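Biologist: I have a few questions about this one. Can we go through some residues one at a time?
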Amino acid sequence: MRQERTVQASVFDLFAGHEIGRELKGMSDWLDEQRHLTGLVAADLRRHGVKETGREGLPAEAVLRCALLKQYRQLSYQELAFHLEDSASFRAFARLPWGWSPKKSVLHKTISAIRASTWEDINEVLLSSARHEKLESGRVIRVDSTVTAALIHEPSDSRLLWDAVRVMVRLLQQADKLGSGALSWHDHCRAAKKRARAIQYTRGRPKRVQLYRELLGITRTTLGYLRQAAERLTPAADLDVIVWQEQLHHYRPLIEQIIAQTERRVLAGEAVPAAEKLVSLFEPHADIIVKGGRDVHYGHKLNLTTGRSGMVLDLIVEAGNPADSERLLPMLQRHIDRYGEPPRQAAADGGYASRANLIQAKAWGVKDMAFHKKCGIKIEDMVKSRWVYRKLRNFRAGIEAGVSCLKRAFGLDRCTWRGLDHFKTYVWSSVVAYNLAIFARLKSS
């Protein structure tokens, strides 16, 4: 049976006098004031159909606090397990039951169970506290975008084909164990790897195309083996067979897409649009993001809003690579819906600038709407004076420091969790840990 809160805290739970210890104490005090948050986490931890009896699990309060510690100090699960056993301040913050030292597997299973929507609700409560404490009013905001990379390697057609062969061979080996009958197939992993490596180090196009033809032939042959295995392994009451079929239904269309896009790009010389490309067999949700004609990123674009306090007021994990100019009004509308009124002043990067966006923002009640680059719009149309424009332009520049801190210190540069749902959860947990740290600093100052 899992409790929501630790029944009795230890009298020996003391925070260090170090700056980090004092900051953890401030974060812990806020969590103590918001005891209803543990109910949100407990709901995520409960599995449908599991009885509330048996051995006690890690309390929901401890799971939430451990998740915040992980993102706050950017620890792996193994490092978190060590610090929870070694550090008095970490144990005091985590509110672990006396004598408990959770292993990394327990921490992984429980922390990853918290949903992105729960983290977003926790962030809303935190922002309400900031408004109540007069630390953040939401009257002056700034909007910017960034990219969080997914947990994938640099994609290439040859590497994707090699990954496809490896996955299919693994499924064929599992099919043999499940008793698919007398199926004759060959493991072509070595041949696929050899040709993928040769493609990587071959410069001449004719030779590369020939190697690609051979690699595509190996991939199609292995896919044929897999189709034969699927025909023999008909759905049955056996749970292992059902799981195997689900894996097949997941990977098969992705492998077919990889084959098709390679034929289009390499053999036909066609420029495949980014929206139609698959960049990872294991993280198919990852998008191709190009910001400002600079480096190419593989992950998801984030649009975020911050206020004067530096706290993140809102964030959206975008699908695809929409233009910034298309996302300004939705971000403003979300802010109005959350706060019940438009911001008095707003600032955004030059990519968000357009006359249509300016007109609509003014119609909604935004008094001053400043873009970092004018893009043909007069300053007098955006704000009431050049002095206000300079102030808002300099204020907008401050979001770059916040984004940098989120990426360097709170792990927003690269998501280390797999799957789209876990990607969103990871992003929101980083934002909540960042906002809670800022809230504790502002309240103690």
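This is a predicted model: local features need pLDDT of at least 70, side-chain atom pairs count only at pLDDT 80 or more; totals for chains, interfaces and linings use all residues.

Biologist: Which side chain does the side chain of asparagine 435 make a polar contact with?
Modeller: The partner is the side chain of asparagine 123, at 2.7 Å.

Biologist: Where is asparagine 435?
Modeller: Asparagine 435 sits in helix 16, which covers residues 420-444.

Biologist: Is asparagine 435 buried or exposed?
Modeller: Asparagine 435 is buried, because its relative accessible area is 0% and buried means under 20%.

Biologist: What does asparagine 435 touch, not counting residues up to four places away in sequence?
Modeller: With those left out, asparagine 435 touches Asn123, Leu126, Met311 and Val312.

Biologist: Next, asparagine 303. Which strand is asparagine 303 in?
Modeller: Asparagine 303 is in strand 3, residues 296-307. Its relative accessibility is 0%, so asparagine 303 counts as buried.

Biologist: What does the side chain of asparagine 303 make a polar contact with?
Modeller: That contact is with the side chain of glutamate 318, at 2.9 Å. Not counting residues up to four places away in sequence, asparagine 303 touches several residues, among them Asp144, Ser145, Arg327 and Tyr352.

Biologist: New topic: the surface. Which residues form a nonpolar patch there?
Modeller: Leu239, Ile242 and Val243 do, with about 240 Å² of accessible area together.

Biologist: Where is isoleucine 242 found?
Modeller: Isoleucine 242 is in helix 11, residues 239-267. Isoleucine 242 is partly exposed, because its relative accessible area is 34%.

Terms used. Residues are numbered from 1 along each chain as its sequence is written. Side-chain values use heavy atoms; hydrogens and water are left out. Helices (H or I, at least four residues) and strands (E, at least two) are DSSP runs, numbered from the N terminus. Buried means under 20% relative accessible area, exposed over 50%, partly exposed in between (1.4 Å probe, protein chains only). A polar contact is a pair of N or O atoms within 3.5 Å; within protein, one must be able to donate a hydrogen and the other to accept it, and residues adjacent in sequence count only if both atoms are side-chain atoms. Contact means heavy atoms within 4.5 Å. Patches are made of residues with over 30% relative accessible area and no salt bridge: like charges are joined within 9 Å, nonpolar side chains (Val, Leu, Ile, Met, Phe, Trp, Tyr) within 5 Å. Accessible areas come from the Shrake-Rupley method with a 1.4 Å probe; for residues, only the protein chains shown count as cover. A salt bridge is a side-chain nitrogen of Lys or Arg within 4 Å of a carboxyl oxygen of Asp or Glu.
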